[in-house]
Amino acid sequence: MKSTVYFGSPRQTRLEANETLPAKLDLIMEKLQLRDRVKGELVALKMHTGNNIGYSTIHPVFVRRVVSAIREGGGKPFIVDVDWDVEGSESRGYTPETVGCPIYPLAGPADRYFYPHKRPYKSIDTWYLGGLIQDATFLVNFSHAKGHPSCSYGGGFKNLALGCMIGKTRSAMHDVCHDDRYWFSELCPDPAVREQIKAVCPHAAIVDDRKNPGELHLHIEQCNQCGRCLQVAPPGSLKIDPVNFYSFQEACAISTSITLSTFEPGKATHICLATQMTPVCDCFGFTSMPILPDAGIFGSDDLVALDQAVLDVTGRLKLIEENISTSLEVHTREGHPLRWLHGPYKDPYKVVEYGAALGLGSRDYDLVDVLPVEQITPAPMGYIKAQTN
Ligand code: SF4
């Protein structure tokens with residue numbers, strides 16, 4: 001069955017506030033009937049407050065509008081994020097005064113308030129969900145779309161998958177990429193060849209395994225699957241295999257399903273702001289130049305449909321190659337532009353594929369523009385006096 005994704009385009013006909021993205025966020029919240037749904041609810045607003053001197057996380061102007069809508073509807077909002085990002089978030093503009101509600105670490109200041117969920121997946125047996133997430137009765141998942149070094153895309157799924165679990169589980173989720181064996185040292189007994197394998201990688205993605213001398217370790221984040229190492233490694237000694245790359249996205253889908261399972265049906269909604277899209281995620285603590293043009297703002301009760309729509313819309317955009325750091329290389333030009341940057345096995349669509357398989361939503365959707373420019377009377381040329389919204 002088709003889901004509905006509401007969409008606010010970045011396009012404007014006039015230089016007026018009511019055609020800008022915060023105003024379109026208001027229209028999306030009306031379509032989602034957010035105010036009508038939160039009366040008496042304890043509402044966790046999950047967003048990423050960034051780190052260090054990053055400035056591309058969701059601007060407080062947007063956050064405050066969501067908080068205000070929740071309050072107007074009679075809900076009790078609070079923002080949650082992981083402990084090390086909440087700490088210092090005031091330096092990036094997030095304070096109770098600016099956003100209109102408290103900002104809490106999702107598992108308390110020591111990351112020790114959580115609920116265990118047993119769900120075996122590769123090396124993970126039990127997942128630890130932040131206590132404040134599970135204690136909430138309604139969830140607003142407010143994400144920022146951008147690139148990601150492990151899976152090429154971070155959006156709605158990623159905001160919940162990593163952002164609702166405690167640090168121990170987040171680390172375990174990154175580690176599942178190593179559960180399927182990719183290095184077979186018995187087929188490469190010569191230490192000099194191991195040195196050549198490491199040296200040929202321009203991204204320093206292959207290193208000595210700290211825990212197992214003589215073994216090699218692949219940094220999934222750095223690897224763009226260029227294949228140079230495979231030209232040097234003896235046959236069969238090294239695999240650059242999709243399974244190692246896909247595992248992270250499957251773990252993200254499972255993690256998200258655990259989080260969403262703690263909310264009653266209809267008690268979660270998802271909004272994604274696709275502006276200032278940088279090559280890597282906001283955890284890096286800085287903001288580099290955007291590598292895609294702004295795509296707008298999206299909202300849906302169906303998380304699968306939401307991320308699918310964001311990927312489809314951003315997938316039609318042109319990569320801004322002059323803004324790409326020289327430490328990255330484009331070696332494929334197939335599929336989504338984020339895949340060009342991070343390599344073919346970091347297919348951004350995998351997470352929605354896994355999410356749909358888990359029954360979290362539909363990849364089939366209608367995209368409803370909340371203020372199509374075609375329906376606005378064309379503006380005369382020239383400036384129009386800006387109005388307050
Ligand atoms: S595939 Fe390329 S980036 Fe990945 S480890 Fe090998 S040489 Fe490095």
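Mentor: A crossing is right-handed if the near helix is turned clockwise from the far one by less than a right angle, and left-handed if anticlockwise. The model is predicted; local features need pLDDT of at least 70, side-chain atom pairs count only at pLDDT 80 or more, and totals for chains, interfaces and linings use all residues. Residues are numbered from 1 along each chain as its sequence is written.

Trainee: At what angle do the axes of α1 and α3 cross?

Mentor: Two packed helices are described by the angle and the distance between their axes. Here α1 (residues 21–31) and α3 (residues 60–72) have axes that come within 10 Å and cross at roughly 30°. Axes are lines fitted to C-alpha atoms, for helices over the stretch in contact, with angles from 0 to 180 degrees between N-to-C directions. Helices (H or I, at least four residues) and strands (E, at least two) are DSSP runs numbered from the N terminus. The two helices are therefore roughly parallel; angles under 35 degrees count as roughly parallel, over 145 as roughly antiparallel, 65 to 115 as roughly perpendicular, and the rest as oblique.

Trainee: How are α11 and α14 oriented to each other?

Mentor: The axes of α11 (residues 242–261) and α14 (residues 350–357) come within 8 Å and cross at roughly 45°, and α11 and α14 are therefore oblique to each other. Their crossing is right-handed.

Trainee: In which order do the strands of the open sheet stand?

Mentor: Strands of a sheet pair through backbone hydrogen bonds, either parallel or antiparallel. In this model, eight strands form an open sheet with mixed pairing, in the order β4-β3-β2-β7-β10-β11-β1-β12. Pairing requires at least two DSSP bridges between two strands. Because β4 (103–105) and β12 (365–369) each have a single partner strand, one side of each is left without a neighbour in the sheet. Neighbouring strands are turned by 25° against each other on average, direction ignored.

Trainee: Which strands pair with β11?

Mentor: β1 (residues 3–8) pairs with β11 in the antiparallel sense over three bridges, and G8 stands opposite I297. β10 (residues 268–274) also pairs with β11 in the antiparallel sense, over five bridges, with H270 opposite S300.

Trainee: Which way do the residues of β11 point?

Mentor: In a regular strand the side chains alternate between the two faces of the sheet. From β11, G296, F298 and S300 point one way and I297 and G299 the other. Five of the five residues of β11 (296–300) are buried, that is, 20 or more other C-beta atoms lie within 10 Å of their own, with C-beta atoms placed from the backbone; 12 or fewer would be exposed, and counts in between partly exposed.
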